[in-house]
Amino acid sequence: MNNNNEKSYQSQHKPSSEFSSRTDYLSNELKIMSPRRWKINLPGRDYRFEFEDMVPAMAATIGKIVMVAAVVGAYAGTLGLSPEFVIENARFEMLIAAVLFVILISGFINPTANLAGTHGPLIPLIPLIVASGGHPLALGVLIGVFGFILGISHGGSMLAKLTSKGVCGGLLIYLGFIGVTGQVKKMFAWAESFDMAYIAFVVIIATIIMYAWLEHIQKRWLAIPLGAALAAVISFTLGAPFEFTTQPGIPNLDPSYWWGEDTGWKMGLPGIQEFIAVAPFAVLAVAMWSPDFLGHRVFQELSYPKNTDKVLMNIDDTMVAASARQAVGSLLGGGNLASSWGTYIVPAAIAMRPIPAGAILTGVFCVVAALWGYPMDLAIWQPVLSVALIVGVFLPLLEAGMQMTREGKTTQSAAIVVFSSALVNPVFGWSLTMLLDNLGLIGCKERGKELGHAGRWVIPGITFLILCAIMAAIGMFPGVPALMESFRQL
């Protein structure tokens, strides 16, 4: 990139006072940015910090604390490890993500690579992975290797191009609806645990009214901080129990401690058998990335103004970054399973902010939370957690999906995605519907004709068959025994 292009952002930047509205100013910032892929990007020269960047950073930190603790907790519950292990490993993982990847890669080296977050859909499979003889280090390394291959070969962006608006819209609707209903159930389960179920009802009603009001005044990007604060105040005022228990401190940073025979995970280093055991799950985990990453990219496209393609999330670069974060984190001793950071990119898109500035703030917030300890208690308090996820991630996904399925024959594909996802899981729903849609059996038949043989049935067909073979082997089809005998008794 030449010197003139390097200075283009600075030369085109105008103070917010020169614009008629804050939205116009933020739109102009998105249009004039020219991110440098895998080169140094500096605040002031290539982008600026705005107070809107605080919103996705706050949401991402809350989401990170919860998701990492959930992944490590799923391992710990199966392996018989203590709650103290979960907290310490989660704090260690937050430091790894923040210092080595979030700030460094997304903030300075590649602002079009979304932050490497946590692979939520894989959490329910962790007990099965452990029971089959899997090892967290083996799984992490293989996910890193397979993900790097997919990213470097541009496989992620290729699959994204083969996914129609109807398929993607239906996927967003399903993920948004399942997410909202899941959090509502968790809220009531939490409140019922101390016989005050009405607290959940009051908090959710207040959240609905707040969200509608923010939509009305076009300040939806404030939903996360206001919603989290509102949920905390209402819950505490009505008598919900809460206390700070996590003390300030620094987690153990020694990989030999985490992968010792009698310390950390208490599992030692994996052998060839452990790598073989986790191989199907590693392939499935990376396959799950494509619909997940695609949803995040599409949400940006729907939220940003026109002529902002340069700042959109690059799917392949994000896969490469997530793969590196996965492999390095696992080798150092962490238990996180990496993916695109949804609790960051969705709120950032709503706030009309690019990736880098908020990424740096997210990294700082994660470091503070990991070392201070107390913010982790507040972030995982159920009313704060659920409301932040509902208004910051799941409702926006639901809205975006509905927006994508308003025109043409997209509703046909969207309905099939939701139906087939409910039958098995979103990966099955996405791969099956992409194949049917590209073949022209549903959706826009003209689109299928334009894809050629490779895009119409070869690539979607191979993708669907590979995923089905893996899911059938490990017993993920409801009512169908696992093809591999070693998985039938798990």
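Modeller: A salt bridge here is a side-chain nitrogen of Lys or Arg within 4 Å of a carboxyl oxygen of Asp or Glu. This is a predicted model, where local features need pLDDT of at least 70 and side-chain atom pairs count only at pLDDT 80 or more, while totals for chains, interfaces and linings use all residues. Numbering runs from 1 along each chain as its sequence is written, and side-chain values use heavy atoms, without hydrogens or water.

The count comes to eleven salt bridges.

Start with Arg 22 and Glu 50. Their closest N and O atoms are 3.0 Å apart. This pair links distant parts of the chain, 28 residues apart. Arg 22 sits in helix H3 (residues 22-32); helices are DSSP runs of H or I, at least four residues, numbered from the N terminus. Glu 50 is in the loop between H3 and helix H4 (54-79). Arg 22 is partly exposed, at 24% relative accessible area. Glu 50 is buried, at 12%. The cut-offs are under 20% for buried, over 50% for exposed and in between for partly exposed, with a 1.4 Å probe and protein chains only. Glu 52 joins in too: Arg 22, Glu 50 and Glu 52 are linked in a network of salt bridges.

Now look along helix H13. It covers residues 272-303, 32 residues in total. Arg 297 and Glu 301 both lie in H13, four residues apart, about one turn of the helix. An α-helix has 3.6 residues a turn, so residues three or four places apart point the same way. The closest N and O atoms of Arg 297 and Glu 301 are 3.0 Å apart. Arg 297 is partly exposed, with 23% relative accessibility. Glu 301 is also partly exposed, with 39%.

Last, Asp 437 and Arg 447. Their side chains meet in a salt bridge at 3.0 Å, N to O. Asp 437 belongs to helix H20 (residues 426-439) and Arg 447 to helix H21 (residues 445-449), so the pair ties together parts ten residues apart in sequence. Both Asp 437 and Arg 447 are buried.

This third pair has a neighbour from elsewhere in the chain. Leaving aside residues within four places in sequence, Ser 164 is in contact (heavy atoms within 4.5 Å) with Asp 437 and Arg 447. Ser 164 lies in the loop between helix H8 (155-161) and helix H9 (165-192). Ser 164 is buried as well, at 8% relative accessibility.

Note on methods:
Helix = DSSP H or I, 4+ residues; strand = E, 2+ residues; numbered from the N terminus. Expected span 1.5 Å × (residues − 1).
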